[in-house]
Structures are given as C-alpha cells and as structure tokens.
Amino acid sequence: MLKKLFGKKEEPKDVIIKSPATGTYVDLTEVPDPTFSEKMMGDGFAVDPSEGRVVSPVNGKVVQVFPTKHALGIKSDGGLDILIHIGLETVSMNGEGFESHVKEGDKVKAGDTLIEFSLDEVKEKAKSTLTPVVFTEAEQVESLARQEVSDLRAGESEVVTVTIKL
C-alpha cells in the first residue's frame, strides 16, 4: 500500500528467451532485410531453422497470429512483447505450407508448438528461411544479455535474457 502511495518503482524483471526453432543462431544485424537488420521493429536475434516447427520461446499468451500464419506475437508472462517472423518475404505465400496450432488469446508455455511449416516450401518460395525473433516494444527493454550459443534446440536453448522495465 505504501509503495503505491509513494510511487516506489518495482525492480526490473528478467525474461529468459529460449530458441523458438531448432537450427543455428544468427545475429539480427546479419538478416538480409533492413526491417530486421537495422532493428526498425526492435532488437532480437534470428534462427536459421533446420526443421519446420516453431515453439513458444517463453511462457505467455498469444496476442496475434497473422492470417497468413507466417508470423505471430506473444506477450510473455513478464510483459515482454515478442514477434516471431518465419522466413523473409513469406507473407506472399498466403499461408501455403503453414499450419498454426494456436490462436489469439491462447496461453502457452515455453516449448509448446505454435506453428509447423514446410521448410522446403519456404526455401523454394521465400527470400530466406531465417526466422527473426524481435522484442517489438523498445521502451520495455532495459537491457539484453545474449548467451554464447550457436546450435539451438527449439524450446530448450536459452538465447537471451531480457531485463524489462516495469
């Protein structure tokens, strides 16, 4: 009660981000699309997937599944907004080769399957299979601590610890 009255600020909170896909870690600045590489949508990382399955990187809630199923937004239980964008220029595939296992409003745990997709179709029809993971609300992020990882396992490998402002 006194904290509310006198406006004592809560301490920042850490959110551990696990890899949403099995594959290889790629620095966001190396993604061949300026929207991601120049961090126009926010900071983060990317995965070069070796299989066509994306899982939740955190415990949280699905806030958006794009109609074309190539991307989705999650709000972590700690309040961090995360965008997972499967491949580059995949919106033009109009959902072909993508199968969503979640819908807006679903609660998810780290490791839960979100979307399955045909890696072969994405390789054939899109610019790239690289899958950016972006923290879209820059004002939420106090700091990022990247782990030294290269080979990633979906839902298992811890990639980044994000300290969020409360």
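This is a predicted model: local features need pLDDT of at least 70, side-chain atom pairs count only at pLDDT 80 or more; totals for chains, interfaces and linings use all residues.

**Stop 1**

Select residues 13-18, 158-164 and 141-146. The strands are β1 (13-18), β14 (158-164) and β12 (141-146). Together the three strands make an open sheet, and the order across it is β1-β14-β12. Their pairing is antiparallel. β1 and β12 are the edge strands, each pairing on one side only. Look along the sheet for its twist, which averages 20° from one strand to the next.

Now keep β12 and β14 in view. Five bridges join this antiparallel pair. Which residue of β14 stands opposite A145? It is T161.

**Stop 2: T163**

Stay in strand β14 and select T163. Is T163 buried or exposed? T163 counts as buried, because its relative accessibility is 15% and the cut-off for buried is under 20%.

Show side chains next. Which side chain makes a polar contact with the side chain of T163? Pick D14: the distance is 2.6 Å.

Then display the surroundings of T163. Leaving out residues up to four places away in sequence, T163 touches P12, K13 and D14, and also Q140, V141, E142 and S143.

**Stop 3: A71**

Move to strand β6, residues 71-76, and select A71. With a relative accessibility of 0%, A71 is another buried residue.

From the C-alpha of A71 to the C-alpha of G95 is 10.0 Å. In sequence the two residues are 24 apart.

**Stop 4: K69**

Step back to K69, in the loop between β5 (60-65) and β6. Check the backbone: phi of K69 is positive, near 60°, and the residue is not a glycine. K69 counts as partly exposed, at 30% relative accessibility.

**Stop 5: K39**

Finish at K39. Where does K39 lie? Look in the loop between α2 (34-37) and β3 (43-49). K39 is not a glycine either, yet its phi is positive, at about 55°. The relative accessible area of K39 is 34%, so K39 is partly exposed.

How values were computed
Residues are numbered from 1 along each chain as its sequence is written. Side-chain values use heavy atoms; hydrogens and water are left out. Helices (H or I, at least four residues) and strands (E, at least two) are DSSP runs, numbered from the N terminus. Buried means under 20% relative accessible area, exposed over 50%, partly exposed in between (1.4 Å probe, protein chains only). A polar contact is a pair of N or O atoms within 3.5 Å; within protein, one must be able to donate a hydrogen and the other to accept it, and residues adjacent in sequence count only if both atoms are side-chain atoms. Contact means heavy atoms within 4.5 Å. Two strands pair if DSSP finds at least two bridges between them. Axes are lines fitted to C-alpha atoms, for helices over the stretch in contact, and angles run from 0 to 180 degrees between N-to-C directions.
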